[in-house]
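Morning, everyone. Please have a look at the structure on the screen, and I'll walk you through it.

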Amino acid sequence: MAWFRKKNLTALTPSSKKKEMPAGIWTRCEQCERYITNVELLRHLKICPHCGHYHLMSARERLDITVDPGSFEEQDAYLESLDPLQFDGYPEKIRKARERTQLREAAIWGTATLNEHPIVFAAIDFRFLGGSMGSVVGEKITRAMESAQEMRRPVVIASAGGGGARMHEGMLSLMQMAKTSAAVARLRRAAVPFISIITHPTMGGVAASYAALGDVIIAEPGALIGFAGPRVIEQTIGQSLPSGFQRAEFLLAHGMIDIVAPRSEIKPLVGKLLKHLTAGVFFQRESLCSIRAGELVAT
Ligand SMILES: [Zn+2]
């Protein structure tokens with residue numbers, strides 16, 4: 001047989017199995033698809049060093065980059081969601097989310113310091129059922145605000161509630177919008193500042209309640225923020241939406257948020273805001289009016 005007809009003589013046959021990167025060590029960038037070690041990604045605050053894509057941060061990671069090391073004292077860590085409506089599959093979803101995130105619920109809150117300013121801090125974890133606001137998340141946010149009012153400490157909340165209200169808890173979940181908004185109103189009457197940090201993605205009932213009611217609202221670049229998603233809006237109004245619609249920069253241009261700040265600048269920025277907002281004897285309400293976002297970013 002002629003040599004060119006002979007097949008499979010080479011020992012170097014390509015493996016049919018695709019090699020997988022070991023889990024837990026590498027992350028594949030969602031945008032540029034390059035692999036980065038988790039350690040390196042964390043060192044860059046979970047921003048891809050190749051293309052600048054912002055990866056999601058867990059509530060604990062957000063806590064670590066925002067408050068002073070070792071200053072956080074968690075409160076109400078034991079609060080857990082029940083299944084009040086006996087929604088099909090909800091307990092199983094909760095169980096899996098707990099396993100995956102090592103959290104009992106999508107929100108954590110506690111007291112801390114930020115650049116040595118005493119604050120109350122809360123963060124929402126998107127990995128826990130999309131960071132959706134069920135009864136426990138609403139309760140934790142409300143308790144954070146009520147405690148802040150009692151202690152006269154500013155509140156800083158980092159939201160990532162892409163799921164909005166939690167459908168598995170129906171009306172009880174929707175009521176959290178009113179409850180948290182009322183807590184913000186009481187904070188405002190007591191002249192206790194509330195700084196809202198909105199991260200990608202923050203939609204639905206979270207964006208439509210406390211997250212949009214901060215005295216100062218800071219968003220990360222490119223964050224998706226809105227109520228209904230763009231596809232739903234397009235289908236409803238029968239028109240295509242402008243480019244960048246519901247992104248942080250679009251909302252800044254239209255006066256819905258105050259500042260778009262890179263992740264690395266959020267802590268120093270909040271530190272400056274706290275310095276200004278707590279300069280009065282009892283956080284005088286007038287002090288809020290004298291701040292212009294541009295000045296703070298520039299200084
Ligand atoms: Zn990338």
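I'll go from the whole chain to the core, then a strand, a helix pair and one glycine.

Two notes before that. This is a predicted model, where local features need pLDDT of at least 70, side-chain atom pairs count only at pLDDT 80 or more, and totals for chains, interfaces and linings use all residues. Residues are numbered from 1 along each chain as its sequence is written.

The whole chain, then. The protein chain comes to eleven helices and nine strands. Those are DSSP runs numbered from the N terminus: helices are H or I, at least four residues, and strands are E, at least two. Of the 299 residues, 38% count as buried. Buried means 20 or more other C-beta atoms within 10 Å of a residue's own; exposed means 12 or fewer, and partly exposed is in between, with C-beta atoms placed from the backbone.

Now the core. The largest nonpolar core has 63 residues. Such a core is a set of buried Ala, Val, Leu, Ile, Met, Phe, Trp, Tyr and Cys residues joined through C-beta atoms within 7 Å. The residues with the most contacts inside this one are F121, A122, V155, V156 and A219. Take A219. Leaving aside neighbours within four places in sequence, A219 is in contact with I198, I225, A248, L251, I257 and V260. Contact means C-beta atoms, placed from the backbone, within 7 Å.

Next, strand β7, residues 194-198. Five of its five residues are buried, so the strand is largely enclosed by the rest of the structure. F194, S196 and I198 point one way, and I195 and I197 the other way. What does β7 pair with? Strand β6, residues 155-159, in the parallel sense over five bridges. A pair needs at least two DSSP bridges. In one of them, V155 partners F194 of β7.

On to the helices. The axes of α4 (135-151) and α5 (170-189) come within 9 Å and cross at roughly 10°. That makes α4 roughly parallel to α5, a label for angles under 35 degrees. By class, their contact has eight nonpolar, seven polar and three charged residues. Among those in α4 are I141 and M145; α5 brings residues including L172 and V184.

Last, G131. Where does G131 lie? In the loop between β5 (117-124) and α4. G131 counts as buried because it has 27 C-beta neighbours inside 10 Å. Its contacts beyond four places in sequence include A106, F126 and G161. V206 is 75 residues from G131 in sequence, yet 9.0 Å away, C-alpha to C-alpha.

Conventions:
Two residues are in contact if their C-beta atoms, placed from the backbone, lie within 7 Å. Axes are lines fitted to C-alpha atoms, for helices over the stretch in contact, and angles run from 0 to 180 degrees between N-to-C directions. Angles under 35 degrees count as roughly parallel, over 145 as roughly antiparallel, 65 to 115 as roughly perpendicular and the rest as oblique. Ala, Val, Leu, Ile, Met, Phe, Trp, Tyr, Cys and Pro count as nonpolar, Asp, Glu, Lys and Arg as charged, and the others, Gly among them, as polar.
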